[in-house]
Amino acid sequence: MKRGWAAATVVAVATAMLAGCTGGGSHNTETADSAAKGGPGAPGHAEGGASVAPGEVAPTEPSAPEDFRSTFALDVDTASYSYAQRTLRDGARPAPRTVRTEEFVNSFPQGYRRPKGDGFFVSADGARTSAKGWSLMRIGLATKKSDPKAPRRPAALTFVLDVSGSMAEPGRLDLVKSALRTAAGQLRGSDSVSLVTFSGEAETVLPMTRLDDGGRARLKAAVGELEPQSSTDLGAGMKEGYRQAAEHRRPGATNRVVLMSDALANTGETGADSILADVARHRKEQNISLFGVGVGSDYGDALMERLTNKGDGSTVYVSTRREAREVFVGQLPRNIQLRARDAKAQVVFDRKAVDDFRLLGYENRAVADEDFRDDSVDGGEIGPGHTVTALYAVRLKHGARGRAATATVRWLDPDNRKPHEESREVSAAALSGAALWTGEEVSPYLRLAAVAAYFADALRSGEGGAESGGEPRPARAEAEPVPGAPTLEKLRAQADRLAEEPGLRSAAGLAKNISRARSAR
């Protein structure tokens, strides 16, 4: 994914919108094999940047993007925001490297319209920022929710549990045990579960067991016996977990490894590359994906994210029993069923209307533009009820009219793996017509996504913390500020107002976290 504003790598984004605010229609197409690679005229295709005559120098202000396409694998992770929230509650700011903008945005409701079947409904909207010429554009992707009582394929879940010494801290192993008891009550009798523990070595404490006919009681008994032990051989745990999952793989079922850990490996194969290679091999050869649940105040965020990206899954972070219950009651079912495999998004900007653009976030999920329709290139697995938001900063040309961008999502059918696409056009008028914070027609969901993205940007750059007396700290060299960023105090006020909107009560927690960030060191 190539970008050109100050030659910077595209940054984060996400945001969702109501379909009525877009500038064009939406269509769903099952694509032919011959369209596996994009070309002129294909949806999502754009030619390269303008040529420069011999002896001329390409302009540098503003610098034009090398191409006008933005491509990334879909991601529904939320761990970055949850971990930041835990850190802020403890009176500290999260390390900038752990702040991923898209995970902040995707942690909040988006109000998207949903499709009637598998696949996605694509939404888009936008508004002007206070930075001259710059707008925020929100692309929203949503899947159909599931009926908890409806038939679904059975699941074969291998839980890989960290029982190392560091898990003795309150809020770690005790939280894992509580979550597993909740899972035992939520899963169906036709599902199968195995438990693998690891500390200095790995051990299967419950072989793959169907939950009907006494299996539920055996699972609860095995959970009750878990105790923290010594060092952390994460590599051994992952190998044994995937061995169990592969040995007991159920055809026609959802086969998944669920890693519950603080991801702090200190024994055995502690290098990420070896563990990552193992995870990628099992995903590719046996279609076993990974769901990561992170715990602990000292947490290996980067390793957990890399593991789940390689494992074609997602990661969450929990620090309270309420959060753990939400994961295993609300999110685990979404990670059992599937609406789409290998899902990718590509946004093509119209150079007649757009001078520059930046994707906010998704740096770790970038896909080469030419690989958008190559279905051998890994995308993301998306379950029922998921929403994915991509937020862009877009600089329109003066007087821009007509189409500004076309957003396309491509995915494989979860059963027959046939490719499908859904697209939506976004008009320049939809991006420039209303002011973000004051326009009456601007969706409150768009404003909430903007608050989350601007807050993430402030944490990434160190803006407004206690050490600087509320003044901006020196930003990271690689970080470009998001245009039109308000102060943290103004962001908190916006979040407080949004919390009064129907369905946006979660904005109150965001406001509280922004206040904590202003006083944290």
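Predicted model: local features only at pLDDT ≥ 70, side-chain atom pairs only at ≥ 80, totals over all residues.
Start with the inside. The largest nonpolar core counts 43 residues, and F104, L136, F455 and L510 have the most contacts within it. Several elements put in two or more residues: the helices α1 (79-89), α2 (101-105), α10 (444-461), α11 (488-498) and α12 (507-519), plus the strands β4 (134-142) and β14 (387-396). Of these, α10 supplies the largest share, with 13 residues. A separate core of 35 residues lies apart from this one, and M137, A353, V354 and A405 are among its members.

Next comes the pairing of α10 with α12. Their axes sit 11 Å apart and meet at an angle of about 20°. Angles under 35 degrees count as roughly parallel, so α10 and α12 run roughly parallel to each other. Their crossing is left-handed. On the α10 side, the contact is made by L448, V451, A452, F455 and L459, while α12 brings A507, L510, N513, I514 and A517. Sorted by type, the contact residues come out as nine nonpolar, one polar and no charged. F455 and L510, both part of this contact, also turn up among the residues with the most contacts inside the largest core.

D213 has a positive phi of about 55° without being a glycine; D213 sits in the loop between β7 (202-210) and α4 (215-224). A263, likewise not a glycine, has a positive phi near 55°, and its place is the loop between β8 (254-261) and α6 (272-286).

Terms used:
Residues numbered from 1 in each chain as written. Heavy atoms only, no water. Core = buried A, V, L, I, M, F, W, Y, C linked by side-chain atoms within 4.5 Å. Buried < 20%, exposed > 50% of the residue type's maximum accessible area, 1.4 Å probe, protein only. Helix = DSSP H or I, 4+ residues; strand = E, 2+ residues; numbered from the N terminus. Axes fitted to C-alpha atoms, helices over the stretch in contact; angles between N-to-C directions. Parallel < 35°, antiparallel > 145°, perpendicular 65-115°, else oblique. Left-handed = near helix turned anticlockwise from the far one by under 90°. Contact = heavy atoms within 4.5 Å. Nonpolar A, V, L, I, M, F, W, Y, C, P; charged D, E, K, R; others polar.
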